[in-house]
Every structure is written in C-alpha cells, then in structure tokens.
Amino acid sequence: GIGDAAAVTVTDRGNADNVSVYSIVFKHLDPTGYPGVKEFTIKSVTASAEPETQNGAGNVLDRNRATRWSSDNEQYLTLDLGKKVTFNSVIMAFMDGSNRKYNLAVSVSNDGETFTEVYRGKSSGTTDDYELFPLGRQTARYVRITGNGHADGTWNSWTEVAVALSE
C-alpha cells in the first residue's frame, strides 16, 4: 500500500555475482510537500451550489480530508488564484475516492467569465489520497472544476483541491 517500501534487486546479466539492491519508498501525494510540485495559493473558492451548509466550498481548501464540498448533479467550484499563474495540474481528493470514479471537467479563464475546457475525465476510483490531473501547460487566474456525480450516483463530494505546477 501507499506509505510502504519495496526492495528491487538488479543482477548483472554478464556477472551473476554483481547484484545491487535498491529500496523504493512510496509516499502519499500531498500538495503541501510533495517533491517536484509547486502549489499555488488559492485566494478564494466559490461554488455554483451549496445545498448543505456544513459541506461548503471552503472545505476543499482546509487540508482536512474529513471535510468536503458536496452538491448534487452538474455543479462547479471556481478557484481564484489572485493573479495569472502558469500551472499544469489540478490535485484533488474525493470522499470515498477508493470506491467511486468521479466525473469532472477543468476549465481555465483570465477574466472569470469566459472559460476554456482543458481536461475532461474521471478520478481513478482507487484511492482516498490526492490524485493529480494533468492539464498541459496553462496560464490563467481562474480555474473552474465542474463535477457531474460519480459512477454510482449524482452527488459530487470533493475533500481537497489544489492547483500546481509539477515537474
């Protein structure tokens, strides 16, 4: 599982006595300290709907995967980065993410009104940890993530969201 270590043994084909053992440590993807990921500060987040006051949009920025933003059917969060920045990924975590494949689209904008879609897909459905969604190189101030439920239902339940430049 994630957080475990593995040993890889490499043997020289020409000399069976020449053996090297490498240790690999698997770490959780945490945008606050993951090597090679520069996370950008999100100045504000707004939701197209917040039907449950305890599950408001601000919960996706609190670094607590026990809280979430939830909304039914096709709804979105708009992230304001405060200024134009260059990034290439969105990092997200989902409620019950190890059992649900969430549908999502990511769009970008410089003015907060006209958005261009840069990603459409699904979460893996295999982890409750952070997942990185590659967008290609983008320069924008606003990021809108639109959800349309998951494979087993119509609710969006996202626990964390980040915008990053990954190597």
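Which backbone oxygen does the side chain of Asn-156 reach? The side chain of Asn-156 reaches the backbone oxygen of Asn-73, at 2.7 Å. A polar contact is a pair of N or O atoms within 3.5 Å; within protein, one must be able to donate a hydrogen and the other to accept it, and residues adjacent in sequence count only if both atoms are side-chain atoms.

This is a predicted model, where local features need pLDDT of at least 70, side-chain atom pairs count only at pLDDT 80 or more, and totals for chains, interfaces and linings use all residues. Residues are numbered from 1 along each chain as its sequence is written, and side-chain values use heavy atoms, with hydrogens and water left out.

**The chain**

The chain has zero helices and ten strands. Helices (H or I, at least four residues) and strands (E, at least two) are DSSP runs, numbered from the N terminus. Of the 167 residues, 41% count as buried. Buried means under 20% relative accessible area, exposed over 50%, and partly exposed in between (1.4 Å probe, protein chains only). Among contacts with a separation of 6 or more, 70% join residues 24 or more positions apart. Contact means heavy atoms within 4.5 Å.

**Around Asn-156**

Asn-156 is in strand E10, residues 155-166. Asn-156 counts as buried because its relative accessibility is 0%.

**Rings and a charge**

Rings of Phe, Tyr and Trp (its six-membered ring) pair if their centres lie within 6.5 Å; planes under 30 degrees apart count as stacked, over 60 as edge-to-face and the rest as tilted. The count comes to four aromatic pairs. Two of them are set out here.

| Pair | Centre to centre | Angle between planes | Kind |
|---|---|---|---|
| Phe-94 and Tyr-102 | 4.9 Å | 15° | stacked |
| Phe-94 and Phe-133 | 6.2 Å | 90° | edge-to-face |

Phe-94 lies in strand E6 (residues 75-94) and Phe-133 in strand E9 (residues 131-150), so their pair ties together parts that are 39 residues apart in sequence. Phe-94 and Tyr-102 are both buried. Phe-133 is buried too. Ring pairs link Phe-94, Tyr-102, Tyr-119 and Phe-133 into a cluster.

Arg-144 has its charged end over the ring of Tyr-76, 3.9 Å from the centre. That charged end also sits over the ring of Phe-115, at 4.0 Å from the centre. For this, NZ of Lys or CZ of Arg must be within 6 Å of the ring centre and within 35 degrees of the ring normal.

**Nonpolar cores**

A nonpolar core is a set of buried Ala, Val, Leu, Ile, Met, Phe, Trp, Tyr and Cys residues joined through side-chain atoms within 4.5 Å. The largest one has 27 residues. Phe-87, Met-92, Val-143, Ile-145 and Trp-158 have the most contacts inside this core. E6 supplies the largest share, eight residues. Trp-158 is in contact with residues including Val-60, Leu-77, Phe-94 and Tyr-102. A second, separate core of six residues includes Ile-91, Ala-93, Tyr-130 and Ala-164.

**An exposed loop residue**

Thr-114 is in the loop between E7 and strand E8 (116-122). Thr-114 counts as exposed because its relative accessibility is 58%. Leaving aside neighbours within four places in sequence, Thr-114 is in contact with Val-108 and Ser-109. Thr-114 and Tyr-142 are 28 residues apart in sequence, yet 9.9 Å apart in space, C-alpha to C-alpha.
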